[in-house]
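Hello,

Here is the structure I promised to pass on.

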Amino acid sequence: MESRYNPSAIESQWQQKWLEMGLDRTQENPKQPKFYALSMFPYPSGNLHMGHVRNYTITDVIARLKRMQGHRVLHPMGWDAFGLPAENAAIDRGIPPAQWTYQNIAHMKGQLQRLGLSLDWEREVTTCSPDYYRWTQWLFLQFYEAGLAYQKEAAVNWDPIDQTVLANEQVDSEGRSWRSGAKVERKLLRQWFLKITDYAEQLLQDLDQLDGWPERVKLMQANWIGKSVGAYLEFPIVGLEEKIGVFTTRPDTVYGVSYVVLAPEHPLTPQVTTTAQKQAVEQFIQEVSQESELERTAEDKPKRGIFTGGKAINPFNGQEVPILIADYVLYEYGTGAVMGVPAHDVRDFEFATKYDLPITTVIMPAEGDASEPLAAAYTDPGIMVNSGPFDGTPSGEGKTKVIEYAEQQGYGKARIQYRLRDWLISRQRYWGCPIPVIHCPDCGIVPVPDEELPVTLPDNVEFTGRGASPLSQLEDWVNVKCPTCGGDAKRETDTMDTFIDSSWYFLRYTDAKNEQDVFTPQKVNDWMPVDQYVGGIEHAILHLLYSRFFTKVLRDRGLLNFDEPFKRLLTQGMVQAMTYKNPETGKYVVPSQVTAVEEVNSETGKAETVYYEKGTETQLSVFFEKMSKSKYNGIDPAEVLSKYGADTARMFILFKAPPEKDLEWDDADVEGQFRFLNRVWRLVDEFVNHPSSAKKKQKTGELTKAEKDLRRAIHTAIKEVSDDLEGDYQFNTAVSELMKLSNALNDADCKDSPIYREGIEALVLLLAPFAPHIVEELWERLGGKGSVHQQAWLRYDPEALVVDEIDLVIQVMGKKRDVIQVPASATKAELEEFARSSEKIQGYLEGKEIRKVIVVPGKLINFVVG
């Protein structure tokens, strides 16, 4: 038998055996409790990185543990495979996006399999495969039938080079496209939207159901939905019949309105603009159209505006106020107009000061003086002043009274508004799910019939990366007959945002091979919701919000019967590595170009390591940062697996930090875990080759002290590891407990005892979810039946934790003088008697007066002498 731990020899062998056994295949036994463990699926970029390894290892430990605890487990994997990177690759490499994508999937799947993840590959889904996006299209049509999918003209971020709409997240802080680098423009286009705003209140309220989610993620979602309670007020326009509607959370300040601002894109803008101001206004609108939404709304950017020449009337006091347009007001937000109350809003105060607009105080502290000019906006509660019939009213009470008055007079009404906007899903690119509708000049928008799904992407496409969508240029694909009237019609050429694909993939896993339905209600309702979802914090808002939205819509369509998709959420921290940066140039330095030098610190006098760029005298800044190719600090998982094996990589990932914290990569710690697994290997190897290792168990009542101590260590480990794997999944402390048990076995004085065998087997079983390959090998060598991963999770024996004897520390005048073993049940009087009988202590007490005896039961006794 191989007596040396050789991970490369055993890992591939066991992975093949598990495959042949169907060990990871999902069991559908309804008598067993279910557990759905899910990692956020990857984009097939070509290579796994350590962030992937951490995510999937965490989920795999949970899945393996739950199987051993008697659950039937669904633990699937798939590929979020549509998106612009594949189209870029097609342009750069001259190959179809599908070819690039499937090559990457094959490569990354092999990498995942090397990690020994207990994934059910029979349920694999790939979002760019027609057998998946057929159902994405079917679901889109469900939204359309429900009135939740619609087209409208909207101001969008437009990349003038790539000729496509960009999401806000695809525009950098300088207002440039993340892909082409072009300055993004604002442009009106007819786009497809999903009406997520219809579910804003549900999405907000149901956050209270999510007890297993991190509070900060729930807060991020609540802020994104952005519920505001206030008033909708209308300001008549001088000389026109139209009115300007605004939403405000501060109706108590309405008497302080000194101007009204419209979004440049607002349809009323050209109507209120006077002839004298027309040229200046049009020029301003053109300038603003060149800015992205992020630029226009940035907190630190000075706000710009221009007078239209038009005026509005404040209906509450009859005053005429100027109408301006400004870059910070967006037509898509709220009503596309705001009332300016500079005395009580920080932004309005700065804007009014810049453009010399009146500042009227209408809220004051109880002891304030309304006649004194304000040096800054007063935003705290107070008393209403200069507010007509409301003078003297506390501002909180005034909000309600002003709204009641507005409703009586026809000036406005109470309103709840959300920051959340409808989800723009149109993309003018090729590599995405085609939107399954047809535009007929006579019938309008016509859904593609279900029996004609999927609308597949054509292959005869030329990729240049420039101009309109490649789909729009394929006349034989675009020109079709209307399904309703049979007349000439055209396909929709926009594809869907890839967030659509990932908003329902977790549902498909429950019935992944179903060719007749998106999934059967029986299976989706059985497995869902996901019991444990694991993924990065970067998906805390959009992906999770969209998935929750999809779930609620499909519930309302009668396709499933639950409210929320993810019961518990774990957002794992980033994997960081040592990074070297030249402080003079700001550039990152390749580790191979770094020289470490021991120098004495002139201030502390201590030697410390200082890093220089080779060939220079420039001292480098050294710090931990998220792994990235651009920072030259990435660690290739393949190299780690080749050198140490998958089990060591997994152990390090789990041991180095709690799962929700950032993890700092350290080669020495990886080496430490490799040494630990070698110790476990040697313990089992020595035990298996020991002639008395097969002894039968004795009764616990016959145990020696050494056996009792070891059994206590065994069952303490079972208890502590089990506790660490519940709740917050503290894998790092669980691994520490396994190390303690390993040390206890190594130091045990009863290696011929059956208790020692119990300890060896317990160590192997407890280690199984963490390091699956080595324990499978060791389990077989121990003569275990079946796979170690099919064994029941251990339960601790409370009686084994009971301590018969304790070590009593004896002090004289606070100094430790002896340690004796005494019965754990001894009373204070008995402890004092045991202590006085110690020969060492008698020497310290002889001839001295004992003034006081301090007893701490179970720990120590201290004699205070004269």
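Which element supplies the largest share of the lining of the second largest pocket? That is helix H17 (637-644), with four residues. A word on the basis before going on: this is a predicted model, in which local features need pLDDT of at least 70 and side-chain atom pairs count only at pLDDT 80 or more, while totals for chains, interfaces and linings use all residues. Residues are numbered from 1 along each chain as its sequence is written, and side-chain values use heavy atoms, with hydrogens and water left out.

Back to the pocket. On a 1 Å grid over the protein atoms alone, a pocket is an open set of points where a 1.4 Å probe fits, with protein on both sides within 12 Å along at least five of seven lines, and lining residues have an atom within 4 Å of a point. The volume is the space filled by probe spheres set on the points, which are joined across faces, edges and corners. For the second largest pocket this comes to about 430 Å³. It has 18 lining residues, and Gly-634, Ile-635, Glu-639, Trp-665 and Asp-667 are the closest to its centre. Besides H17, strand S26 and helix H19 (667-688) each supply at least two residues of the lining. Helices (H or I, at least four residues) and strands (E, at least two) are DSSP runs numbered from the N terminus.

Next, the aromatic residues. There are 38 aromatic pairs in the structure. Rings of Phe, Tyr and Trp (its six-membered ring) pair if their centres lie within 6.5 Å; planes under 30 degrees apart are stacked, over 60 edge-to-face, and the rest tilted. Phe-499 and Tyr-546 are edge-to-face, because their planes stand at 75°, with the ring centres 5.5 Å apart. Phe-499 sits in the loop between strand S23 (495-496) and helix H14 (505-508), and Tyr-546 in helix H16 (residues 542-556), so this pair ties together parts 47 residues apart in sequence. Phe-499 is partly exposed at 26% relative accessibility, whereas Tyr-546 is buried at 10%. Here buried means under 20% relative accessible area, exposed over 50%, and partly exposed in between (1.4 Å probe, protein chains only).

Tyr-580 and Tyr-611 make a tilted pair, 5.5 Å centre to centre with 55° between the planes. Tyr-580 belongs to strand S26 (residues 575-581) and Tyr-611 to strand S28 (residues 607-613), so the pair links parts that are 31 residues apart in sequence. Tyr-580 is buried at 14%, and Tyr-611 is partly exposed at 22%. One aromatic cluster is formed by Phe-143, Tyr-199, Trp-423, Phe-499, Tyr-546, Phe-549 and Phe-550.

Finally, strand S10 (residues 259-262) is covered on both faces, with Tyr-259 and Val-261 buried on one side and Val-260 and Leu-262 buried on the other. Leu-262 stands opposite Ala-337 in S13 and opposite Ile-325 in S12. In the loop between strand S9 (243-248) and S10 you will find Thr-253, which is buried at 2% relative accessibility.

Best wishes

How values were computed
Pairing = 2+ DSSP bridges.
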